[in-house]
Amino acid sequence: MQQELETVAKPAPLDPWVGPVAPKIKPEPIKKTWRNDRDPTRRRATFGVLYPRWEVTIEKSDDLHTKLPARFEQTKRRSVQGVRFHLRVPNLIFSDTDFHKCKFHRPDDRGESHVLESVFKNCTFDRCMLGGTLFRHVTFEGCKFFRSDFGASQFNECQFLDCKFTECTAENTALLATEIDPTAFLRGLPAPVYNYVGPIPEGEETAAQIKEEWVEVRRKLAAGLLRSNTEIHHTGYSDRGLFELKRAEVRERLEILRARPGVARLPLRAAQLLSAWAVLHTTKGGTSLSRLFLTGIILVPIYALLLSHSHVTFMNQDCYLSSFKLPLVSQELARAASLFLAIGYTAFNGGTLATVLLTAGALLGLFWYALVAAVVIHRACR
């Protein structure tokens, strides 16, 4: 009974196309020329979303006030549902607008679909179709995208400022000189396994296949994000793009190792994966010197302890640490540092096992040098 009363008391949602918030000019019906009523592609976040049957054509900036629903009195936001947009003019500003199941792919007379020199500020895009469209000089500021598809779109000299992405798709999306946070974008683009729940028709890909293929999709996107942010010299996002690219490459190597173990090449592939993983985490994908120096600070004391418990001599003096007095500890750390930095290797001597330990320490130091050089070159050339 209480549930019934709550249901009756709860106000019904307002229809933005009728009543007090209705626009002065209502949307125009679209003549259906397509076969499907809904998005039939499971690989897109908008799978199952109804294609709009109404169109809003914006031919001048005043149309934003006459052809879109009015703002709600309490929230000061407007809601636009289930329409296809035809933005025929540039320099449009959409602010505090909630787009729900809207479509921005609308070819013109030349067969091109584009959105030019416009701004979307504090907008939400819920299950919207932004794929197959050219966006040029478009700014998205403080926008939220949920289950929206960017597939096969092209963003030229656009900006995504403080935007959030949740369960979106962007397969074959091109980014040219576009400012966008690679980490935020890729975090919101998981494999669309949510579309593969329940029975799948025969012949379609399974959720497992999609997850496997999405590793390469993310790698391509990461490469595009790195290139795009590098073109506009955004060093922060460029570093994040490089990190995301390296992380995607590590995941791709791992998937290849799982799918094709191959006993003959397994050790080599495992070594390559381990090396790539080490580079990713010790240098943050080739962008961080602080992580490398922290690694060196940790490894030198460890090697000092190893030298102290081995039959190793330095210039015919035993490396054993007999006490933890500051002068002895400093001396042992200096010896370990000289070995790690490969500047005192010939001064050490010992048996077979000691030689293995010394060689491993020197090789690790040379690998550390190589990583430092790679990060320095990246930072100098970015």
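Modeller: Two strands pair if DSSP finds at least two bridges between them. Strands themselves are DSSP runs of E, at least two residues long, and helices are runs of H or I, at least four residues long, numbered from the N terminus. This is a predicted model, in which local features need pLDDT of at least 70 and side-chain atom pairs count only at pLDDT 80 or more, while totals for chains, interfaces and linings use all residues. Residues are numbered from 1 along each chain as its sequence is written, and side-chain values use heavy atoms, without hydrogens or water.

Biologist: Which order do the strands of the open sheet have?

Modeller: Five strands run β3-β6-β9-β12-β15, with parallel pairing. β3 (78-81) and β15 (164-166) each have a single partner strand, so they are the edges, and one side of each has no neighbour in the sheet. Neighbouring strands are turned by 10 degrees against each other on average, direction ignored. Such angles come from lines fitted to C-alpha atoms, for helices over the stretch in contact, and run from 0 to 180 degrees between N-to-C directions.

Biologist: How many bridges join β3 to β6?

Modeller: Four, and the two strands run parallel. S79 stands opposite D98 of β6.

Biologist: What should I know about salt bridges?

Modeller: Side chains of opposite charge can pair when their charged atoms come close. The cut-off is a side-chain nitrogen of Lys or Arg within 4 Å of a carboxyl oxygen of Asp or Glu. The whole structure holds 21. One of them joins R42 and E204 at 2.6 Å, N to O. R42 sits in the loop between β1 and β2, E204 in the loop between α3 and α4, 162 residues apart.

Biologist: Is R42 buried or exposed?

Modeller: Buried means under 20% relative accessible area, exposed over 50%, partly exposed in between (1.4 Å probe, protein chains only). R42 has 14%, so it counts as buried. E204 has 36% and is partly exposed.

Biologist: Which residues are linked with R43 in a network of salt bridges?

Modeller: E171, E205 and E213. Between R43 and E205 the closest N and O atoms are 2.9 Å apart. R43 is buried, at 18%. E205 is partly exposed, at 24%.
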